[in-house]
Every structure is written in C-alpha cells, then in structure tokens.
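Here is a short report on strand pairing and nonpolar packing. Please look over the sequence and the model first.

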Amino acid sequence: MDLEEDHSMPEPSSPAASLVGRFLVAAPSMPDERFQKSVVFICKHDDDGALGIIVNNKVDDLPLGQVYKQLGIDVPTAAKERPVLFGGPVETSRGLVLHSADYKRDETLLIEGGMALTASLEILKDMAGGQGPRNAWLALGHSGWAPGQLDQEMQDSAWLVVDGDAELVFDPNFDGKWQRALDRLGAKGAVRRSFDPALYSRQTGRA
C-alpha cells in the first residue's frame, strides 16, 4: 500500500460545471458493474478530469487496525475494526484519506463543504495518536475519469448528482446509503419521503 511518502494533490481549476463537493449516485441501470449502487464523493473535477471516492463500499477483511499494523503504527482500540473504504478501481494499492477539513497538511486538498483529501503516512500516524481529523475514512483506490469522460457519462444518464453531505460521507452504516442518497433528490422541502429510483430507470443506461 502506497502511503510511505506525502503525495501532494494537484490544485484544481474550477469549471462552471464542476461537481466538486457533490455526490455522484449510480443510476439504477448503471452499466458498469464496478459502480452499481455506488455513492461517489467528488474531490476533484476540472479540465484534467475528475477524482472521487466511493463512500458506501468497504474492503472485505481489511479493518483499519490491520493496515496500521502493516505500516508499523500502534493500533488504537477504536480503530481495530473500523472499515477501510474501497475508494474505486484506480490505483487500488494507494491509500487516500477523506476527512473533515479541521486537519490540514501542506499536501492536503481542501474540498468545498468542509471536506479534505490527504495522501500521506503522517495523517495515519496522527489519526492513530489522536491528533488527526475529527472524521476520516482511509480509502484504498479511487474513482477516476479522463478529461471529458465524466461529462459523457453524465450525458448518458449513468449518474445522478446529489448535494454533498459530510454526515452521509462518514455514516458507518453502508447498507442503504445508496437509497438514502437517492432520497435526497426527492426530499427537498419535504416534498417526498422516499425517492423511487424506478422513475429514472427508463432514462438511464448507455445506448
């Protein structure tokens, strides 16, 4: 797992259609099996492409305590069984920490809505020692899109866009997270208590 060195995040530009700080929620007929029923928090979106972290999928049989042990970090009791996110299919051996913005290093990428992303061994050491961010997930891998790729997928109706929410990002109950994200599409102003994804089925999928 690549966490031995600090990895500075590139400073993103801000296109008019930037999705930074928002969720991409897989449409019911998402054609890519790797992303079916996934909720992706977008950390970077500019002319160079996009990067996000899946926040409702975990790495099986790899709790955070085991990662600490592999890295030679003393394992705090609270971290022993904490899940590690499967952040996406890109660079699955690389660790990224998605966290609240109350913690910042030189290489930290600050994200709209009070979130941040850091890739370094030092943040894990600080987390283990109680000096890290208030809320954090370690993710292995990330979700990435080449320039224009995400825009095309949006046109193909593979994704639904939902406003970001730190509470949902850090909710440890992964079951039902996809539905809860979808519910937000119909919950503004308490118009609808439950969003029905079947309403979107006929509009989604690739030609």
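## Strand pairing

Phe-23 has its bridge partner in strand 2: Phe-41. Strands here are DSSP runs of E, at least two residues long, numbered from the N terminus. Strands count as paired if DSSP finds at least two bridges between them. Strand 1 (residues 22-26) runs antiparallel to strand 2, with 3 bridges.

On to strand 3. Phe-41 also stands opposite Ile-53 in strand 3. Strand 3 covers residues 49-54 and is antiparallel to strand 2, joined by 6 bridges. A hairpin of 2 residues connects strand 2 to strand 3.

## Basis of the model

The model is predicted: local features need pLDDT of at least 70, side-chain atom pairs count only at pLDDT 80 or more, and totals for chains, interfaces and linings use all residues. Residues are numbered from 1 along each chain as its sequence is written, and side-chain values use heavy atoms, with hydrogens and water left out.

Buried means under 20% relative accessible area (1.4 Å probe, protein chains only).

The largest nonpolar core holds 42 residues. Such a core is a set of buried Ala, Val, Leu, Ile, Met, Phe, Trp, Tyr and Cys residues joined through side-chain atoms within 4.5 Å. Phe-23, Phe-41 and Val-169 are among the residues with the most contacts inside it. Strand 2 gives the largest share of this core, 5 residues. A second, separate core has 18 residues, including Val-67 and Leu-71.

Technical notes: Helices (H or I, at least four residues) and strands (E, at least two) are DSSP runs, numbered from the N terminus. Buried means under 20% relative accessible area, exposed over 50%, partly exposed in between (1.4 Å probe, protein chains only).
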